[in-house]
Amino acid sequence: FSYSADQPGYLLVGDVIRLQSGALGQVTSTQDGGGGIQEVTVRKVGGGNWAAADIANTDVFGHSHSLFEEGSSAPGYRLYLPTEESNALSILRRSLKITGSEFTNRTYVGDGSAWYFTLEDLEMKEFAKDRELAIMFGQYESNSTLLTKSSRGIWDYVENYGVNNGFASAAGVSEDDIQNHIKELMIQGSSNAITVIAGADFMTDFQRAMKPYVLNGGVDYGSFGSQMVGLDITVYKFLGKTIYLAYYELFDDDKVVPYSGTPSTVDVNFSNASLWLDLGTDSTGHKLITLKHKELDGVSRKFIHAYEDGMHSATGAIGGKVANGDDAFKVHYLSEIGVEVRLPNRMGILRA
């Protein structure tokens, strides 16, 4: 254990440690062992002298409980200081400009209205994609010089603090890989229900890994009808955990995650990757993943949709008082959002 003047170690006089041999030792004194290490003296619980079979150099031990004599005074105390995690809200923006001529052009796509309505629909969908990608792949930054802030995304949270495992890309994910991953999540205290989003390659190999259940009669295909066959496994149970597998299209969007070569510890082929999310709550009832936005006194910056009129207006009005003399109008979108991820250690990444 580390030792400093502010934090004088973890073990206190009266604590009982359990050695790897199973022997118990009661702490009788604690002091600075030098080099920032806590040094303790222990007596053997049960009496007698220590033997080589009880304790030896390099043995490991853990804290068990405490023992005090009758009429004892209060024990010492430990100083618990939380590890603080900071995040920020990202400001995302998009704008588009429509000239008066373009606003009065008709499109034969859809209902034949002005092309502007089709264009705005496309731009709003792209902005929604921007927001999703910021929440998924953002990295934390709070730059006082540039006055920019960036929210840490879900992938970054899980990659840095969660359970990360890999498998050979040539072989593809196996059931053993999945089971070992679930075991490590169980040790971290993950909820019994885990949502897994994955790319196409991972989804394909997952189905193939579960094929023996179909071959050996572990899956009831009665609901498929008399002639339909195939693999359609989206739920898997192991060690009391149930995983729900879903395809995540953006993991195969080569305009967003373009790398499709052989993955490494640095280069991620997202088509052959999976993100394991615990969507449960912590001990206080707070959701582990929540979207945040800036708001005060009813003024919300979650999504702002504004028009800047020129000689034309988005409402179709012409003439009258205008903001400027441009033969056009502008549309602006803005969001100031971020994500809060609690207990990311209960989540994971399993990828090639």
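Mentor: Let's start with Leu 147, which lies in the loop between strand S6 (141-143) and strand S7 (148-150). Strands here are DSSP runs of E, at least two residues, while helices are runs of H or I, at least four residues, and both are numbered from the N terminus. This is a predicted model, so local features need pLDDT of at least 70, side-chain atom pairs count only at pLDDT 80 or more, and totals for chains, interfaces and linings use all residues. Residues are numbered from 1 along each chain as its sequence is written, and side-chain values use heavy atoms, with hydrogens and water left out.

Trainee: Why is Leu 147 called exposed?

Mentor: Exposed means over 50% relative accessible area, buried means under 20%, and partly exposed is in between (1.4 Å probe, protein chains only). Leu 147 has 73%, so it counts as exposed. Its phi is also near 60 degrees, a positive value in a residue other than glycine.

Trainee: What makes Thr 58 exposed?

Mentor: Its relative accessibility is 68%, so Thr 58 gets the exposed label. You'll find Thr 58 in the loop between S3 and S4. Thr 58 has a positive phi too, about 75 degrees, although it is not a glycine.

Trainee: And Lys 44, why is that one partly exposed?

Mentor: Its relative accessible area is 21%, so Lys 44 falls in the in-between class. Lys 44 sits in strand S3. From Lys 44 to Tyr 248 you count 204 residues in sequence and 57 Å in space, C-alpha to C-alpha.

Trainee: How do you know which strands are the edge strands of the four-stranded sheet?

Mentor: Start with the order, S3-S2-S1-S4, an open sheet with antiparallel pairing. Strand S3 (38-44) and strand S4 (61-66) each pair on one side only, and that makes them the edge strands. From one strand to the next, the twist averages 45 degrees; axes are lines fitted to C-alpha atoms, for helices over the stretch in contact, and angles run from 0 to 180 degrees between N-to-C directions.

Trainee: What makes S1 and S2 a pair?

Mentor: Two strands pair if DSSP finds at least two bridges between them. Three bridges join S1 to strand S2 (residues 24-32), antiparallel, so they pass. Val 16 stands opposite Gln 26 in S2.

Trainee: Which order do the strands take in the six-stranded sheet?

Mentor: That open sheet runs S8-S18-S12-S9-S11-S10, with mixed pairing. Its edge strands are strand S8 (163-166) and strand S10 (235-238), each pairing on one side only. Here the twist averages 20 degrees from one strand to the next. S8 pairs with strand S18 (residues 348-351) in the parallel sense over four bridges, and Gly 166 stands opposite Arg 351 in S18.
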